Amino acid sequence: MPRQRELNSFLWTIRRDPPAYLFGTIHVPYTRVWDFIPDNSKAAFQASARVYFELDLTDPYTISALASCQLLPHGENLQDVLPRELYWRLKRHLDYVKLMMPSWMTPAQRGKGLYADYLFNAIAGNWERKRPVWVMLMVNSLTETDVRSRGVPVLDLYLAQQAEKMRKSTGAVERVEEQCHPLNGLNFSQLPSFINTTLPPHEQVTAQEIDSYFRHELIYKRNERMGKRVMALLRENEDKICFFAFGAGHFLGNNTVIDVLRQAGLEVEHTPAGQTIHRGKNKRERSRGCSQAKRPVYIALHGNPAARSPAPPPEGTSASPAPVTPAAALPAVPSATPTVPPEEEDPALSPHLLLPDSLSQLEEFGRQKKWHKRQNKHQRPRQFNDLWVRIEDR
């Protein structure tokens with residue numbers, strides 16, 4: 001295991017009393033990355049009273065709304081909107097995947113009662129009624145490597161499950177429709193003939209236009225909306241430690257959620273691995289110092305366009321004294337599951353990587369279990385066409 005200070009950190013602290021945290025997730029099975037998440041990130045999650053995700057992953061409505069949003073309008077069938085040759089190539093490819101899936105499944109998956117027919121139907125069921133862009137995302141997730149990881153929740157879904165078990169209040173900053181409709185807004189006639197990641201020159205312009213569309217709709221506009229909703233939730237929970245877990249791409253690059261918060265006057269600092277976190281004062285201390293503390297917090301949360309947060313302190317140091325915080329006591333990853341280092345994040349993340357697990361495993365897990373919500377969530381930039389896998393003639 002690497003030492004704590006050697007780990008990459010995707011944790012940011014919003015300076016207030018009590019503090020709030022922003023945590024960047026990656027949409028891969030949590031077992032692949034859990035051992036590489038710094039202890040202070042886990043401690044921040046453990047200390048939080050409120051946990052918010054992009055979508056409410058524990059609400060049955062999320063699953064049903066996702067299913068509805070993906071469907072073609074007016075009862076249309078995919079065969080009605082795809083060129084005949086492409087439709088039959090797609091059908092042959094899915095027949096091939098269904099045939100191969102039993103050999104792709106692992107003994108561990110079978111031991112958990114996860115079988116090939118069920119899994120195929122969970123991922124590809126009703127595919128002929130889905131819009132082409134959603135079928136494209138589905139096909140991209142039907143590879144041997146991805147199939148072998150099914151049955152293990154992705155990191156953000158795992159955190160949602162743990163938050164429920166720990167009886168934390170959970171919520172979301174977006175609705176399914178706000179993620180789904182931008183994808184549906186792309187007319188299929190705009191799509192080049194994506195059969196792999198290398199396009200002929202005459203299709204490069206179209207591909208770039210599509211990539212620009214998604215970058216604007218699925219990153220920049222969402223970051224602005226998400227940042228404003230983070231601020232509203234902080235105003236509603238001035239006395240609670242809040243933990244916001246979004247795809248890491250929302251915190252990297254330009255026009256990020258962090259930029260939105262800083263432009264509104266909040267102080268947001270990167271929290272390196274190994275740096276202790278500050279839980280804030282207890283209720284009694286907060287009540288004694290209320291008259292001094294509340295006004296600055298109120299000003300910060302309501303925004304001051306002229307304000308800018310100071311540069312973050314050097315890695316491994318803290319801007320102010322902070323008490324020692326123990327690592328979060330979350331369930332350990334089963335030792336039988338090998339862990340591998342997470343892939344290096346590309347600062348220019350492709351928009352589809354910011355969707356919760358490309359929304360496919362979320363749908364799969366929603367079908368596996370009825371959720372009961374408590375009453376009270378130096379490479380080239382990746383292009384949209386990177387989503388495609390080659391559909392060979394079988």
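**Aromatic pairs and burial in a predicted model**

The count comes to eleven aromatic pairs, in a model that is predicted. The rings of Tyr30 and Tyr158 have centres 3.7 Å apart and planes at 5°, so this pair is stacked. The protein chain has 394 residues, of which buried residues make up 50%. Its secondary structure comes to 15 helices and six strands.

**Tyr30 and Tyr158**
- Tyr30 sits in the loop between β2 (20-25) and α1 (39-47), while Tyr158 belongs to helix α9 (residues 155-165); the two are 128 residues apart.
- Tyr30 has 10% relative accessibility, under the 20% cut-off, and therefore counts as buried.
- Tyr158, at 4% relative accessibility, also counts as buried.

**Tyr52 and Phe244**
- Tyr52 and Phe244 form a stacked pair, 5.3 Å centre to centre with 20° between the planes.
- Tyr52 lies in strand β3 (residues 50-53) and Phe244 in strand β5 (residues 242-247), so the pair ties together parts 192 residues apart in sequence.
- Tyr52 counts as buried at 7% relative accessibility, and Phe244 is buried with a relative accessible area of 0%.
- Tyr52 and Phe244 belong to one aromatic cluster with Trp12, Phe246 and Phe251.

**Charge over a ring**
- Lys168 lies over the face of Phe45, at 5.6 Å from the ring centre.

**Helix α6**
- In helix α6 (residues 116-124), the buried residues are Ala116, Leu119, Phe120, Ala122, Ile123 and Ala124.
- Down the axis of α6, these buried residues fall within an arc of 165°, so they line one face of the helix.

**Surface**
- The protein chain exposes about 19,200 Å², with 52% supplied by carbon and sulfur atoms.

Note on methods: Residues numbered from 1 in each chain as written. Predicted model: local features only at pLDDT ≥ 70, side-chain atom pairs only at ≥ 80, totals over all residues. Heavy atoms only, no water. Helix = DSSP H or I, 4+ residues; strand = E, 2+ residues; numbered from the N terminus. Buried < 20%, exposed > 50% of the residue type's maximum accessible area, 1.4 Å probe, protein only. Areas by Shrake-Rupley, 256 points an atom, 1.4 Å probe, with all protein chains shown as cover. Arc of directions from axis to C-beta. Phe/Tyr/Trp six-rings, centres within 6.5 Å; stacked < 30°, edge-to-face > 60°. Lys NZ or Arg CZ within 6 Å of the ring centre and 35° of its normal.
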